[in-house]
Amino acid sequence: MVLLVRAAGMLPVLLLLCLGFHFLSDGRFFSGQNLGIVLQQAAVNTVLAAGMTFVILTGGIDLSVGSILAASAMAGLAISTIPDLAAFWLLVSVLTGLGFGVINGALIALLRLPPFIVTLGSLTAVRGFARLLGTDTTIFNPSIPYAFIGNGSLTLIPGVVSIPWLSVIALLVILVSWLVLRRTVLGVHIYAVGGNESAARLAGIKVWAVLIFVYGVSGLLAGLGGAMQAARLYAANGLQLGQSYELDAITAVILGGTSFVGGIGSIWGTLVGALIIAVLSNGLILIGVSDIWQYVIKGLVIIGAVALDRYRLQGSART
Amino acid sequence: MSDPILEMRGVSKSFFGIRALRSVDLTVHAGEIHALMGENGAGKSTLMKILSGAYRPDPGGEIRIEGRPVRIEGPLGGRAAGISIIYQELSLAPNLSVAENIYLGREMSRSGLLARGAMRLGVGPILARLGADFLPSTPVAQLSMGQRQLVEIARALHARSKILIMDEPTTALSAGESERLFALIRQLRAEGLAIIYISHRMDEICALGDRVTVLRDGRLVGSLDKAEIRADTIVRLMVGRDVSTFYKKDHDPAAGRGHVVLTATGLADGRRVRGCSLTVHAGEVVGLAGLIGAGRTELAHLIIGASPKTAGHIEIEGRPIDIRTPGEALDAGIAYLTEDRRSLGLFLDMSCLDNINLAVLGRDAKLGCILDRDTARDRASKAFTALGIRAANVGVSAGVLSGGNQQKVLLSRLLATTPKVLILDEPTRGVDVGAKSEIYSIIDNLAKSGTAILVISSDLPEIIGICDRVIVMRAGQIAGQMERTAASPLSQEDIMALATGMEHAHA
């Protein structure tokens, strides 16, 4: 049973949820239009959760991704309003995220501070920075370059199948993350650091470099998420954008079966986890559950996921 | 002499069919310092844990305290029976005050509120009796190791214990602190306490002991009266056994000894290791013997850069080399097998494949970062065959393997780096007998192929069985070394004498 849970992960849960919502909503769930909405809604969280997967695999946590997303979106939008530099706004967004992530990583790896505390601090500090960037107002830019990534779709079969660009980006991020985690030396080192940090150090792995890398990736992907949001909304508000996004990202990772103590997990699980969250939100609206009950149900799903995590760990070699 | 305060008759203890204690008798009188001796693993700590209630003895034996049969059950059972144990690593809460520690678990309260003042007053007389130079309100964190030991003793006296067991109490103490502790132990003896004193240090035993009981392989092998206590007698009792044919040693150091590979000069860490120098030649197996706490593992950690050196330097094949991290040690050709493979060596959730290849992934990688999975699989399969690792396939998690197979997986990781120097820290700890013998063969073959090998071991027959030369450490320093020659084989007595600091006249 334990083996079965481990191998199949949460994919059956996702499929059951989809089927359940399909019948409860009189067949409205599996329509091309609705699936497009679900994919689009899942996109930003998937990108954040991919970064979070790297961090949690090392046994850490990144609470600052929501704030970094806001600051990156603000930085990108601010640049996009400067005519000569407008074309660089995407790059600026992503690099802003990377910068904050690397600062997190350096504090954790070099000063040996606990990840929870460092990123809790940057959750607040970077939020302040995001507000500063827009002098505490909303920045609009209706003519932002590359707006298509926020609202356009990639047409696969003209008139029949098209995928939102946001979802294409999210899938690419998952694919690249998988390549890094499973096909590179760095990937094995990430699992090793999460599995047994002291043994990793003795085995000659540069633990500090691995840690800076994972927090850097998490920041970079939060920056990308910020750019995606900015392109979708043509606007960003330093105070409101990305509030409590870190919680959805962490939930997706945990739902995906990545162990909170590190060393065990996969990026595909994270994708499934992010889709479960999106399906849950979409489905509950479709069947007319009130906003208040949606909170209650989503919260219970998080607790259920952690219970599953414990159950999973009992089957592993680690005690 | 008075009636015995503690009598153990035929006490045995087995763990999963392995007998850690075989029908041991022990008699301790009030007003006596009873020394308990034996090599590491002889059964001393098992015996102690039975007295403290941590282990339950096998049925059949009997324990009497003041003539009445008792059953000691659970962690509080020992204290209830009047027995207190002071462990090597003290069990105080450093964040609490002296008084709070002494009352820990039995706090005084007044209508549900902690009665701090009354507790402080309550411990005053005991601290005065012990000659303590600190206040009941002092936080334990501010005390020296010697003072902390006093707090532990005060706690035992406060619980009205009649039997006090001390496990290597002087390990962390300075010479002055040890002297004060001895005076106090003699005072407690005069007050009528029975003291069971566990130590490896021969001089302490000779100075303090009224009676010495020696354990070996879980059996009581001798009990000496005050008049019979002599260091050489004790050493002979502790080690006296044959070295079987179990050990494999075909390589010939006299014929094959190559150039010096590893030279360490004056290594120190400012704490546990003080000015240690050693050399290891190509094709030579050098044993590093010593008691637990002598600083052997700490010295190995200094060599591989796992902890920072305050002095000394290292040369590989005559070239000075600056090693600051274990990674740099691997690059320099020094591989280290940890004594604690589960928490410092293996990645239990990762496959044998990844565990074996971990140290060389970067070297094998395509384009500098892409895993070369064919090479990795090939190397793991070869290691499985070469070292006889028994597992379904290379994809199995390391955590599910037996101790011996885990050790071979870890060894394969080190060998993948083709080290010039191999430091093996307790290579056969927690390994079954069959795998032990296989590991000895592997070590022998590595020596034949010219690897310089340093083996840290607490198992003296093992050291004697596989090593060409033995370096003995005592209290953070090199106490001496001895070489195996045809005329004079290595002897356990000589090693123990050096390790315990007893000058043993060698015939």
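1. How many residues of domain 2 of chain B are in contact with residues of domain 3 of chain B? There are 11, and they meet nine residues of domain 3 of chain B; two residues are in contact if their C-beta atoms, placed from the backbone, lie within 7 Å. Helix H17 (residues 433–448) of chain B gives the most to the domain 2 side, with four residues. Helices (H or I, at least four residues) and strands (E, at least two) are DSSP runs, numbered from the N terminus.

2. This is a predicted model, in which local features need pLDDT of at least 70 and side-chain atom pairs count only at pLDDT 80 or more, while totals for chains, interfaces and linings use all residues. Residues are numbered from 1 along each chain as its sequence is written, and chains are lettered from A and ligands numbered from 1 in the order in which they are written.

3. In chain B, domain 1 covers 4–239, domain 2 covers 244–333 + 419–507, and domain 3 covers 344–416; these bounds come from an automatic or database domain assignment. The C-alpha centres of domains 2 and 3 of chain B lie 26 Å apart.

4. Between the chains, 25 residues of chain B are in contact with 21 residues of chain A. Helix H11 (326–331), helix H12 (341–345) and helix H14 (361–364) of chain B each supply at least two residues of the chain B side.

5. B:Thr27 belongs to strand E2 (residues 18–29) of chain B. Leaving aside neighbours within four places in sequence, B:Thr27 is in contact with B:Pro4 and B:Glu7. B:Thr27 and B:Ile5 are 22 residues apart in sequence and 7.8 Å apart in space, C-alpha to C-alpha.
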